[in-house]
Amino acid sequence: MKKNLLITVVMLSFVQVLYGQSSSSQSEKKRPNIVIILADDMGYSDMGMFGSEIKTPNMDALAANGVRFTNFYTHASCSPSRSMMLSGVDTHLNGLGNMDEWTAPNQVGLDGYEGHLNTKVTTIPLLLKDAGYHTYMVGKWHLGKSPELIPAARGFERDFTLLDGMGSYWDMTNMTALVPKSLYTEDGKYLTELPKNFYATETYTDKLINFIDEGKGDGKPFFAYVSHQAPHDPYHLPTEWRDRHVGEYDFGWDMQRLQRLKKQKELGILPESANLAERMWFVPEYSVLAPAARAVVGRKMELYAGLMENLDFHIGRLVDHLKKIGEYENTIFILFGDNGAEGNDLGEMIAGQPGSLNSLFFASKWSNNHINAWGEPGSYVGYGPGWAQVSMTPFSQYKGWLGEGGIRNALIVSGPINKREKGSINHGLMSIADIMPTLLEVAGTSYPKSYNGNALPPMIGKSWTKVLAGEAESPRTTQDYIAWELFGNRALRQGEWKLRWEFTPLGISDWELFNVAADPAERKDLADANPEKLKEMLGLWDDYVKKNNVVLPSRSPFEGLYDQLPARFPVDYGYPPLINKRQYTPPTELMNTPKEKKN
Amino acid sequence: MKRYIPKAGFSYFRNFAFLAIVLTYCLPEATFAQGDGARFYWKGLMGTNAIPVIYNSMGGNANPFDPSQKVIPGSNFSASMSMAGYAKMLPIFKRSAMISVLVPMGRINGEASLNGLDFSSTSRGFGDPMVQFTINLIGPKPIMNIPDMIRYKPGFSVDLIGSLAVPLGTYDNTSPINIGQNRWYGRVGLPVVWQIGSWVPGKRTTFEFVPAVWLLSDNTDFVGKTMSTEPMYQIEGHLTRDFMERVWGSFDVISYSGGKATIDGQEGTALNNLGMGGTLGYHMNDNMQLTLSYLATINDSKPEDLKMDGFRVTLLFGWHPLVEGMKRLKGE
C-alpha cells in the first residue's frame, strides 16, 4: 500500500510538472473531470452521428465536439465488457471468464471464472480515488452483489446502483422466480425500496447531478461512471416517449439497414466499399410480412427509438448541468455501448418453458404485454434479431456472439483530452480495456504492480492519449492483437484480420478468417484461401489462451442451437419468387370483358 | 428464436379479432329510458358487421316504447321486449361512420288511467324500426386495417348522430298503450368518448357522454286525439372501466328534460328526471359480447315524476371478413 501511495505521489508530481504548475500556484489547472456514459446494449449505428435515424442530438453534440471511433471493440456481453473496462484486465483473469449466469461445470471454482469482478484486480475508481478524484457511479453494475463486490467496495465514493444485469425501469421487479427482486445500493447500503417516482434513466441522472453538486466544494475533479440501463430490454419508457415514431418503422429492417448504411457512408463512418452483412437467415424478409405483423414488429423498434431518445434527453440534462456549473469545458466524455444490440429473446429464454417456475413468475410479473401496454411496468418487450441487426448496421450477428455485430461498438470521446479536429473520425483499433490505462494517464497516476498486497494481473489495454493528441492513428501496432472468448466462441483481431470460431449455425464450429477492413460484414471466409495467415493467427490465439488463463467451457448457451434454429441457407432477397412476385397486369389494349353466349 | 416472427406476427391476430368485435358495440339500442348504453360509440374495424339481440324488461309509470316518456300518473306499465338489428361500420369522407337499423318487438302490459278512463291493455308485435347514422367529427382516423386497429386509441372523440324512427310498428288507436308510436321521431346528438389513461385491455377507462335532442312529430290518432310533444333533451353519461381484459363495467347516469306532451290542447308537464344504474360487460369470445344493465330513476316520489326501472341483456354478434379469414387459416 505504501508503495502504491509513493507511486501515486510521484505520478501526481509528474503531472504537475507536465502542466508547469506547482501545487501552491494560484493558477493551478484542475485535472479534467471524467464522465463515462455507457448505454446498455446500444448498437453501433444507433446514434445519429453513426448513421441512425433516431434523434440523439445530445450524443451527436458530444460527437461534434469530439472524435468518433469506428473500430472500437467491447466484449460480446455486458458484465465481461464492464469488467474489462473497470479493471483493464482480460475477462479470464478478472473473474468474468464466463458470465455468472452461464458458468460451465468445468469452470466452477477456477480463478478468473468467479462470475463477478474478482478481488484480484483493482479498478479505475480505486486508483482515481487514490489519485485525488471524487468517484461516482449511477446505474447498472452487474459485477457482484455481496458487500465486498458492490460499487462502494470497488472504489466509488457515491453510488446509486442496480446490482443486477437487468430488470424493470420502474420498480424493483427482477426477471426470475428465484431472483424476483432487483437489488439496488445507494452509497454502499442496500436499498429496501426505491425513491418515489423512480424511473431508471431519470433517477440515475438526478442522483449523479446531486453527487456532483455535493462534491464540488473541495475543488477536486470527479470521475463519474454513468451506467445507464437504457436501452436494454424490457423497453420501459414514459408515456410521452412511446408514440414519437408511430408507423415509421413499418417498412422494416431491410430498408432501415440500407438507409443507415447509406448515411454511414455519407458521414464517413464506413468506406464506400462497405457492404451489408447477410440478414440472419431465420429473420424473414420484411416485405413478405403482413401489414399487421409489420405494425406489431415495427412497434418494437418505435419503442426502442423512443428509449434511445429518452436516454439522449437525460444525457443532455447532465451535459447542461455541467455547463451550468462551469465544469463542462473541463470534462472528458467517453460514450459507448457495452456490447452488440440485443437480438436474443431473453423473456423466451427465461420463461419460455410452459409450466416452469419462471413461466409462472412471468405470468405474475411480466405479462402486461398487450401492445398498447408496452413500456408500462410489467410489460416485457425487446425488438428481436431483425431490428438488432439494424442497430448493428452493417455488421453480422448481435449481442452474445463474436461477429462484429456482437463486439464492435460506436465510441465517442470529447473534452479537453481531445486535440484532434472536432467532429473528426478515427479508424484506429481500440479496445474497451484501453479505458483504464487512458484514464490513469489522464489522472496522472499509474497502474501499480500490486494493490492492497495482492499482485495485479497485467493490463491488456493501450492508452488513447497519443491518438487523441493526434500523434498516432491507433494505440496499437500492426502486431498487437485483441482477443475474445465467451460461451465457447472465440475471436482475435490483428490489423485488418479477424479469426473467429463460433458455434453452428451462426458460425461453423470451426475457425473462419475475415479481412474486416475490406469486409466488415464478415461475408467472406478467407481461411481456405489464406492458410498461412490462418496459421499465424492461430498462433496468436494460442498465445492469448496461454497468457490469459482461457478455459473453454464444457457447456454453452449456444450448444444445440443448430437444433433450435431453422436450417441455414443463404439469404437472397426476393427468393423464392413464389411469395415475392407481383400481380401481372396485361397491356390495356389486350384486355376485354367475357363474350356473352350467343342464343 | 425460431418462433420469433410467427410469434410477433400472428399471436396478435386473436387480439385483433377480439378488438374488432369489441369495438363494434355501437348499435342503437332504442330503449329510450335506458339510453344508448356505455361503450356505445367505440369504434371498430371498418367493414365490421354486427347483429345485436337485446332483451329488455322494464316497468314504471310511462310507456317504455314511447320516446317522449309521457308520464301517466297512477299507471303501471310492465314491458318485455326484444330487439334485433344490423349495423355496419364504414368510412365516409375519411371519417369513421356507421349505419344501423334496429327493430323492436315484444309485448307490453299496462294499466293506466287517462282523462278519467281506466285502461288495462296489452300490446304485442313489432315496434317502429329505427335507422341511425353515426359519423365521427373529432378523433382518430377510421380503423381501416389491422395496423390501424393496433394503433387505435380513442383519445377524445366526438361523433354526430342522426336517428329516425319510421312509424311502421304495431299501433292500436283505441289504446294508449302501444308498441308502435304512430308518428315519426328521431334525434340529433353529439356523443363524446374521452379516454382516461392507457388504452390497454384490462385497464381501459373512459368517460362518455351523449347530449342529444329528440324531435317528435304529432300522433294524430292517439285514442282519437292529437298528441304533440315538444323537443326532449337527453344527457347520458358513463364512467366505464375494464375489470379484466374481457370484463368491464360502468356507472351510468341519464337525464331527460323537456318533451312536454299536449293532447288536444291539454298540456302535460315537461320531463325532468334522472336515472342511475350500472352495466357489466363480458366479451365471451372473438365474436360475441354479453352485457347486463340496470337503470332506475331517482327523485321519483311525486306522482307526476317519471318512475321507471329496467333490466337489459344484450348479446352482440360481430364479424369481419378479414378477421374470420385469419381465424380460418389458424384452424379455429
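I began with the largest nonpolar core: among its 161 residues, A:I37, A:L208, A:V226, A:Y304 and A:L439 touch the most other members. Helix α8 of chain A (residues 291-324) is its top contributor, giving 16 residues. My core criterion is buried Ala, Val, Leu, Ile, Met, Phe, Trp, Tyr and Cys residues joined through C-beta atoms within 7 Å. Buried needs 20 or more other C-beta atoms within 10 Å of the residue's own, exposed is 12 or fewer, partly exposed is in between, with C-beta atoms placed from the backbone. I also noted a second, separate core of 23 residues, including B:I54 and B:M81.

This is a predicted model, where local features need pLDDT of at least 70, side-chain atom pairs count only at pLDDT 80 or more, and totals for chains, interfaces and linings use all residues. Residues are numbered from 1 along each chain as its sequence is written, while chains are lettered from A and ligands numbered from 1 in the order written.

Since 10 of its 10 residues are buried, α3(A) is largely enclosed by the rest of the structure. Its buried residues pack against α4 (91-94), α5 (124-130), α13 (435-443) and β14 (481-486) of chain A. Just after α3(A), A:G88 has a positive phi of about 75°.

Last, confidence: the predictor gives the complex an ipTM of 0.77 and a pTM of 0.88.

Definitions and conventions: Helices (H or I, at least four residues) and strands (E, at least two) are DSSP runs, numbered from the N terminus. Two residues are in contact if their C-beta atoms, placed from the backbone, lie within 7 Å.
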